[in-house]
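Hi everyone, thanks for coming. Let me put today's structure up on the screen, and then we can walk through it together.

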Amino acid sequence: MSTVSLDENSENSENESVTRTCPDCGGDGEVECTECNDGETDCYDCDGSDENSESCDGSGVVSCEECSGGGTEECSRCNGEGKISD
Ligand SMILES: [Zn+2]
Ligand SMILES: [Zn+2]
Ligand SMILES: [Zn+2]
């Protein structure tokens, strides 16, 4: 009577689906918003050229609508998970 173990080298066994760090966001789940500069973008109203614009109070820049002014948006590749499965 001998029991043979075929599974003695399973120290690193994971779930069936192997995940790896998302190359697009580096695991953060967020990427820099491409529509703006650190959450700010040229005023939609005056394009940054009208000092009397109400939309931007004359600053020429407004909060980015894409990222709500955060400067980053959810990574589309991993849907904000930070990792993807092959
Ligand atoms: Zn990602
Ligand atoms: Zn403006
Ligand atoms: Zn943005």
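Which residues does Val-18 touch, not counting residues up to four places away in sequence? The partners are Ser-85 and Asp-86, where touching, or being in contact, means that the C-beta atoms, placed from the backbone, lie within 7 Å.

A quick word on what you are seeing. This is a predicted model, where local features need pLDDT of at least 70 and side-chain atom pairs count only at pLDDT 80 or more, while totals for chains, interfaces and linings use all residues. Residues are numbered from 1 along each chain as its sequence is written, and chains are lettered from A and ligands numbered from 1 in the order in which they are written.

The chain has 0 helices and 6 strands; these are DSSP runs numbered from the N terminus, with helices being H or I of at least four residues and strands E of at least two.

Back to Val-18, which sits in the segment before strand E1 (19–21). Val-18 counts as exposed because 10 other C-beta atoms lie within 10 Å; the cut-off for exposed is 12 or fewer, for buried 20 or more, and partly exposed is in between, with C-beta atoms placed from the backbone.

Now look at Cys-78, in the loop between strand E5 (72–74) and strand E6 (83–85). Cys-78 is buried, because it has 23 other C-beta atoms within 10 Å. Beyond its neighbours within four places in sequence, its contacts include Cys-22, Cys-25 and Gly-29. Over the chain, buried residues make up 13% of the 86 residues.

Definitions and conventions
Two residues are in contact if their C-beta atoms, placed from the backbone, lie within 7 Å.
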